[in-house]
Amino acid sequence: MIQLLRPAQAGTLESNDIMITVAPGKAATGIVLELDSLVMDQYGEAIRQTIAETVAQQGVDDLYIKAIDRGALDCTIRARLLAALARAGVIRQEAVV
Amino acid sequence: MTDLRRTMLFLPGNNPGMLQNGGIFGADSLILDLEDAVAPAEKDTARLLVAHALREIDYSGSETVVRINTLDTFGKQDIRAIVPCRPAALLVPKVQTADDIRAIAAEIAAAERPGQAPVGIIALIETPRGLAEAYPIATASSRMLALAFGAEDYTAALGAQRTKEGSEILNARAALVNAAAAAGIQSIDTPFTDVNDETGLVADTAFAKQLGFKGKLTINPRQIDSIHTVFNPSIKEIDWAERVMQAIRQAEAEGSGVASLDGKMVDAPIVNRAERTLYLADLLGLRKVGKA
């Protein structure tokens with residue numbers, strides 16, 4: 001099990017971007033995702049799935065994620081989430097792509 | 001992919017909107033920029049964004065080039081993350097010596113994955129030392145594809161005043177074109193920074209073409225059409241090239257070792273230029289169908 005070392009953030013609120021904040025979750029609460037998106041009705045589930053898959057690949061257990069989406073592509077969502085996790089100290093920068 | 005680099009358009013590496021739309025502008029090359037366009041505090045996020053963009057966004061109409069940071073800052077991390085994502089080349093800033101290129105080439109070789117097409121190097125020459133060493137730089141590695149000129153940093157280092165007509169960079173441009181040509185690689189001109197001055201852009205690009213540059217660094221999508229128009233062979237140039245080739249064929253048919261056109265001898269450099277013109281014209285679909 002890998003624990004988050006510190007809260008961290010990556011991304012912006014500009015068009016086509018997503019701002020992702022990660023913070024340690026309470027023990028045994030799993031991944032908690034709070035998502036706000038301009039395209040929630042159309043792509044909310046797909047965004048949730050992309051975030052869940054990316055986190056699962058990193059082996060993080062208890063994690064709180066807040067994501068404010070401004071119409072980001074999948075590759076942007078993954079890049080911003082991995083950047084936030086790297087900044088949190090969960091993964092090494094070079095290991096994430 | 002061809003070696004056409006009439007336009008090399010910079011896209012800021014930490015801007016998802018620009019990265020995802022970069023392919024639609026029709027530039028010959030896209031430069032996904034991790035250096036000057038990215039604040040130091042965002043180098044890590046931009047590197048990831050560019051790496052994922054290279055893997056997932058369709059840039060099939062354009063060559064992909066990534067401007068990395070220098071090796072003494074974030075360059076090694078950039079190379080390790082970016083090279084496995086298969087860009088065509090890296091644009092390396094502030095190259096001063098051939099050793100700089102050899103160090104970059106070694107880092108690239110270490111980062112490449114088995115079976116991957118070799119990642120090329122384009123050296124950005126933007127210091128007086130770099131210009132003085134331009135030929136050794138151009139020949140430092142088989143990965144070298146081109147020398148590009150960065151006039152703003154260069155004139156700042158000289159203490160020269162930068163002007164729109166550019167007489168202060170004439171010698172530097174000519175020296176850079178010569179070094180690249182001597183090494184058998186391309187030369188790419190400095191950007192024209194006033195994006196609202198189309199007349200000035202056309203004049204500056206035409207002068208660069210006249211000096212021998214093969215393309216121009218491009219800082220705004222609005223500049224692309226004008227630059228392409230200048231670098232495309234004109235109807236007059238294509239017509240001349242076709243007549244040169246016709247004269248060569250005629251001389252051969254007549255068993256003559258010497259061809260002439262309009263009273264001037266047609267020798268090897270003339271033929272080379274004509275062939276290059278027709279190659280570009282064919283590549284760009286500018287020749288009339290059915291005309292030999």
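Reader: Which residues of the largest nonpolar core touch the most other members?
Author: The model is predicted, with local features requiring pLDDT of at least 70 and side-chain atom pairs pLDDT 80 or more, while totals for chains, interfaces and linings use all residues. A nonpolar core is a set of buried Ala, Val, Leu, Ile, Met, Phe, Trp, Tyr and Cys residues joined through C-beta atoms within 7 Å; buried means that 20 or more other C-beta atoms, placed from the backbone, lie within 10 Å of the residue's own. The largest such core has 92 residues, and those touching the most other members are B:Ile121, B:Ala123 and B:Leu147.

Reader: Which element gives the most to this core?
Author: Helices (H or I, at least four residues) and strands (E, at least two) are DSSP runs numbered from the N terminus, residues are numbered from 1 along each chain as its sequence is written, and chains are lettered from A and ligands numbered from 1 in the order in which they are written. With nine residues, the element that gives the most to the core is helix H2 (residues 74–87) of chain A.

Reader: Which other core lies apart from it, and of how many residues?
Author: Among the members of this other core are B:Ala241, B:Val244, B:Ala259 and B:Ala281. Its count is eight residues.

Reader: Why is strand S2 of chain B largely enclosed by the rest of the structure?
Author: B:Ser29, B:Ile31 and B:Asp33 point one way from S2(B), while B:Leu30 and B:Leu32 point the other way. In a regular strand the side chains alternate between the two faces of the sheet. S2(B), residues 29–33, is largely enclosed because the buried residues number five of the five.

Reader: Which residue of S2(B) stands opposite B:Leu9?
Author: S1(B) and S2(B) run parallel and are joined by five bridges; strands count as paired if DSSP finds at least two bridges between them. S1(B), H1(B) and S2(B) make a right-handed β-α-β unit, right-handed meaning that, with the strands pointing away from the viewer, the path from the first strand over the helix to the second runs clockwise. The residue opposite B:Leu9 is B:Leu30.

Reader: Which element gives the most to the side of chain B that touches chain A?
Author: The contact takes 17 residues from chain B and 20 residues from chain A, where two residues are in contact if their C-beta atoms, placed from the backbone, lie within 7 Å. Helix H1 (16–21), helix H2 (43–56) and helix H3 (75–82) of chain B give two or more residues to the chain B side. With nine residues, the element that gives the most is H2(B).

Reader: Against which elements do the buried residues of H10(B) pack?
Author: In helix H10 (residues 224–231) of chain B, the buried residues are B:Ser226, B:Ile227, B:His228, B:Val230 and B:Phe231. They pack against elements of chain B, namely strand S1 (7–12), helix H9 (198–211) and strand S8 (215–218).

Reader: What distance separates the centres of the two domains of chain B?
Author: An automatic or database domain assignment supplies the bounds, and chain B is divided into domain 1 (7–231) and domain 2 (235–283). Taken over C-alpha atoms, the centres of these domains are separated by 34 Å.

Technical notes: A residue is buried if 20 or more other C-beta atoms lie within 10 Å of its own, exposed if 12 or fewer, and partly exposed in between; C-beta atoms are placed from the backbone.
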